[in-house]
Amino acid sequence: MRRSKFLFVPFWATYVFLYLPIVVLVVMSFNSGRSAYTYEGFSLKWYGELARDERVRDGLVNTLIVAAGSTVIATVLGTLLAVGLARHSRSKLLDAIALMPAVLPDLVIAIGLLLFYGVIALTLGLYSTVLAHGLFSMSFVAAVVRTRLANADTSLEEASRDLGAGPVETFIRITLPQLAPGIVAGALLAFTLSLDEFVIAYFTIGNTQQTLPIVIYSMIRFGVTPKINALAAILLLVSFTAVIAGQRMTKIGEARAQD
């Protein structure tokens, strides 16, 4: 049956609608003029302006601290959660609860965490945002690792136990190596989510420090400039790199599992 060429029209129209603004943003980040809407020539000066902007540098450092800390928390807890749900508990209710942070609106999570921090009298700062992002990203890591667990060879774990290895030794020497590609992919996903997350950070970081997305928000209130375009282009590059690396690690793990 021959497919109609008109079927591809909405497909490509959707891609153009989604990605054309991103392409324009990247192109305008190399604009030599001060206008964010009129291209006047190629220049890298706005990237130099970013390097000299102390507020942007501080926001970048805070963002990397939050992203790295929350990635460690999310990766450890998400991996353990995935193994526990897959190996020791087959409850659909627990599965739904574990994945709930991934489907709840960011605003609901942010307000809930802010109220919780108030109840326990926790002073807001980078550490409170690290914990918040770790909780938010944990469910994504668990989902990725569970996908990897579905393709893992359980007979190797059973053989390890039959040969006298304990649960901890089996987990470290047998289960973790099998899950390594999924764990790395989940960690990269968690890092990417934390890197550009705004709502939860805005509610949980307090007034003394700012992450890079909050800095960008405060800058665009006075209008979009090529410097903001340059900053967004850098974040876009980092996010794409992490996502592509995560997908690559997942494919490598699946290929090894099939072999």
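How many positive and negative side chains does the protein chain have, and how far apart do the centres of the two sets lie? The protein chain has 20 positive and 16 negative side chains, with the two centres 8 Å apart. Here Lys and Arg count as positive and Asp and Glu as negative, while His and the chain ends are not counted. Each charge is placed at NZ of Lys, CZ of Arg, CG of Asp or CD of Glu.

This is a predicted model, in which local features need pLDDT of at least 70 and side-chain atom pairs count only at pLDDT 80 or more, though totals for chains, interfaces and linings use all residues. Residues are numbered from 1 along each chain as its sequence is written, and side-chain values use heavy atoms, leaving out hydrogens and water.

Here is the chain as a whole.

| Property of the protein chain | Value |
|---|---|
| Box filled by the C-alpha atoms, along the principal axes | roughly 70 × 65 × 30 Å |
| Accessible surface (Shrake-Rupley method, 1.4 Å probe) | about 15400 Å² |

Carbon and sulfur atoms hold 68% of that surface.

The protein chain has eleven helices and zero strands, counted as DSSP runs (H or I, at least four residues, for helices; E, at least two, for strands) numbered from the N terminus.

Now meet one helix pair. The axes (lines fitted to C-alpha atoms over the stretch in contact, with angles from 0 to 180 degrees between N-to-C directions) of helix 3 (residues 54–88) and helix 10 (residues 212–220) come within 7 Å and cross at roughly 145 degrees. In helix 3, Arg55, Val56, Gly59, Leu60 and Thr63 meet Leu212, Pro213, Val215, Ser218 and Met219 of helix 10, contact meaning heavy atoms within 4.5 Å.
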